[in-house]
Amino acid sequence: MLEQVETYGPEETFSFGKRLGENAGPGTIFCLDGDLGVGKTVFTQGFAAGLGITEPVNSPTFTIVQVYEEGRLPLYHFDVYRIGDVEEMEEIGYEDYFFGAGVCLIEWASLIGELIPESAEWITIEKDMEKGFDYRKITIGRERQ
């Protein structure tokens with residue numbers, strides 16, 4: 001089942017991410033896709049806030065994974081945009097994160113689709129300039145959109 005939410009500014013995108021973070025359980029994997037500049041980082045910052053993480057959250061573009069342990073659950077924030085080969089994920093021990101006690105949020109997850117478990121939640125953020133500069137459509141479901 002797909003859920004769609006429309007937001008009309010970064011604050012609403014942050015708030016929606018926060019609500020998901022508040023309800024996230026251990027072992028959950030969220031796959032986050034969307035074009036550059038669509039608001040994935042704002043969404044992730046909200047998600048982290050929902051887990052009780054207060055430290056600054058930025059996209060781990062060059063480190064691939066950033067671990068935040070201060071919240072009610074650990075957050076494993078991946079950005080796999082620069083992954084050239086899925087073997088790089090094996091080198092960082094992705095399975096320990098994917099199947100650990102925390103929550104994974106993976107930006108650009110479709111690039112490593114073969115590694116993503118079927119139980120993962122897929123989140124796609126899209127712009128529609130006809131509805132305004134800050135408009136976003138956020139779609140969540142068990143299937144890649």
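Tyr-76, Phe-78, Tyr-94, Tyr-97, Phe-98 and Phe-99 form one aromatic cluster. Rings of Phe, Tyr and Trp (its six-membered ring) count as a pair if their centres lie within 6.5 Å; planes under 30 degrees apart are stacked, those over 60 are edge-to-face and the rest are tilted. By this rule the structure has nine aromatic pairs. The model is predicted: local features need pLDDT of at least 70, side-chain atom pairs count only at pLDDT 80 or more, and totals for chains, interfaces and linings use all residues. Residues are numbered from 1 along each chain as its sequence is written, and side-chain values use heavy atoms, with hydrogens and water left out.

**Aromatic pairs**

Phe-78 and Tyr-97 form an edge-to-face pair, with 5.6 Å from centre to centre and 85° between the planes. This pair links distant parts of the chain, since Phe-78 lies in strand β4 (residues 75–79) and Tyr-97 in helix α4 (residues 94–98), 19 residues apart. Here helices (H or I, at least four residues) and strands (E, at least two) are DSSP runs, numbered from the N terminus. Tyr-94 and Phe-98 form another edge-to-face pair, at 4.9 Å centre to centre and with 75° between the planes. These two residues are four residues apart in helix α4, so about one helical turn separates them.

A residue is called buried under 20% relative accessible area, exposed over 50%, and partly exposed in between (1.4 Å probe, protein chains only). Phe-78 is buried, at 0% relative accessible area, and both Tyr-94 and Phe-98 are buried.

**Nonpolar cores**

A nonpolar core is a set of buried Ala, Val, Leu, Ile, Met, Phe, Trp, Tyr and Cys residues joined through side-chain atoms within 4.5 Å. In soluble globular proteins, nonpolar side chains tend to be buried together. The largest core has 22 residues, of which Phe-43, Phe-47, Leu-75 and Ile-123 touch the most other members. The elements that give two or more residues to this core are α1 (10–23), β2 (29–33), α2 (40–50), β5 (103–107), β6 and β7. Among these, α2 gives the most, with three residues.

Which residues does Phe-43 touch, not counting residues up to four places away in sequence? Phe-43 is in contact (heavy atoms within 4.5 Å) with Thr-13, Phe-16, Gly-17, Leu-20, Leu-32, Leu-105, Ile-123 and Ile-125. A second, separate core of 21 residues includes Tyr-76, Phe-78, Phe-98 and Cys-104.

**Salt bridges**

A salt bridge is a side-chain nitrogen of Lys or Arg within 4 Å of a carboxyl oxygen of Asp or Glu. The structure holds four salt bridges, including those in the table.

| Residues | N to O distance |
|---|---|
| Glu-6 and Lys-131 | 3.3 Å |
| Glu-121 and Arg-142 | 3.3 Å |
| Lys-137 and Glu-126 | 3.6 Å |

Glu-6 is partly exposed at 39% relative accessibility, and Lys-131 is partly exposed at 45%.

Glu-121 lies in strand β6 and Arg-142 in the segment after β7, so this pair joins parts that are 21 residues apart in sequence. Glu-121 is buried, with a relative accessible area of 18%, whereas Arg-142 is partly exposed, at 46%.

Lys-137 is partly exposed at 27% relative accessibility, and Glu-126 is partly exposed at 34%.
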